[in-house]
Amino acid sequence: GGSVGGGGGAAAVAAVVEEQALEAAGASGEAAAADGGRKEQNIEPTPRAMTSAAASEEKEEGEKEVVQEAEKQEEEEETDAEEAEKQEEAEEAEAAPFDSSEMDALGRSLNALEAIPTLSLEDFLRPSFLGGGGGSFESSDDASTSAPPSLPDTPHGGAGGSSSHYDADTDLEVPEEVDPRVGDALDELNNSMTDVNTLETELSAARRRRKTVRAEAQLKVDTVAQNLSASVRAAVPFFHRQAMANLYQVRSLNALRTYERAHDMHSAAKASFSKMEAAMAAAMSGHKGGTFDTELMIRCSDAMSKVTEMETMKKRAELAHAENTKFATLAVNDAMGLKKKSAKTIENARPYFTAKAQAEAACEAADAAVSELQIKVSAGKVRYTRSLEELSRISEEVHDRRVREKEERDREEAERA
């Protein structure tokens, strides 16, 4: 019985050991499987690829930001430069509120206003269009209307007479296309010549009209004068003084406008000097020993000179206004006194002076038309000359190029020989 019991116990022990071994194997398998899963997760390539793409995108974004920042900085620098330039121009404008040409023009106006006009009774009686200038104008009516005087041999109808290396093609040894600049230059030359010829034709017509207007005006004035000869002579002093009164009134108004301009320029000069003086004081206080900018000192001195000069011009304009106003008042009083003495004679002579004024106005209009066309003709001739010079310059450039190319070909042939 004991042996049987002992065998059963051994079997039970073996069963327990086997069960523990199976449990250990199962745990080991699960651990291995879990470890294998972790290893599989660690070797997947997807996260690395995603990381590389993100880094590349981040790099590109960074480069774009750098470029944008550089462009922004460049724009800011350009803006700062423009603002600095504008500020410099503003400072220069403040330093020089007007230039010397304006002061010269104002000085010439004052010289004319300060000069006392002279008009004798005989000069006043004679129409202005008969005042000695008619002969010179008439002699110019038959002036040539050909091309500009600087180019007397140029044909009237075009630029074909201009000689150049390009036109003659004397240096052309190898076929080549026409320089495209030549066509434009020839068009400009021909257009300018056509305009000059048209303007000179109009100028000749205007001169003929002026001659006709003068003849008609003179005939009309002479006819009226013959019918009123006695009354005209007697009434000349009154109409003379009346004309002088009108002249002085116009001069007085011009003097007033000149004074206003001088006053404005004087105020601007004072303001400019005040700023320069303050800037120089600030510069001196900011340096030890009282040193200052020499250029600033010169500008301040110039500004002070302008203040003084404009003050003088303002006083001159004020005096010119007062003088011309005084002369106008005297002439008006004289005319009124003469009218009281010879009222009937003056009314009888009025048709002559009315016809004279109308004739002078018509002749002045004709003179103005001629003068305007003369200016246009001069400008057209300048344009023509410049276009011809441009064509000549292009031709010279083409000629020089052909010479260089020929020398190069000769040198290559010599080397091959």
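**Exercise 1.** Work out how helix α8 (residues 229–285) and helix α9 (residues 294–341) are arranged where their axes come within 6 Å.

*Solution.* Start with the angle: the two axes cross at roughly 165 degrees. Axes here are lines fitted to C-alpha atoms over the stretch in contact, with angles running from 0 to 180 degrees between N-to-C directions. Helices are DSSP runs (H or I, at least four residues), numbered from the N terminus. Next, compare with the cut-off: angles over 145 degrees count as roughly antiparallel, so α8 is roughly antiparallel to α9. Last, sort the residues of this contact: 33 are nonpolar, ten polar and eleven charged. Asp, Glu, Lys and Arg count as charged, Ala, Val, Leu, Ile, Met, Phe, Trp, Tyr, Cys and Pro as nonpolar, and the others, Gly among them, as polar.

A quick word on the model: it's predicted, so local features need pLDDT of at least 70 and side-chain atom pairs 80 or more, while totals for chains, interfaces and linings use all residues. Residues are numbered from 1 along each chain as its sequence is written, and side-chain values use heavy atoms, leaving out hydrogens and water.

**Exercise 2.** Decide whether K356 is buried or exposed, then find what its side chain reaches.

*Solution.* Now follow the side chain of K356, which reaches the backbone oxygen of F124 at 3.1 Å. Finally, leaving aside neighbours within four places in sequence, K356 touches F124, L125, R126, P127 and V221 (contact means heavy atoms within 4.5 Å).

Notes. Helices (H or I, at least four residues) and strands (E, at least two) are DSSP runs, numbered from the N terminus. Angles under 35 degrees count as roughly parallel, over 145 as roughly antiparallel, 65 to 115 as roughly perpendicular and the rest as oblique. A polar contact is a pair of N or O atoms within 3.5 Å; within protein, one must be able to donate a hydrogen and the other to accept it, and residues adjacent in sequence count only if both atoms are side-chain atoms.
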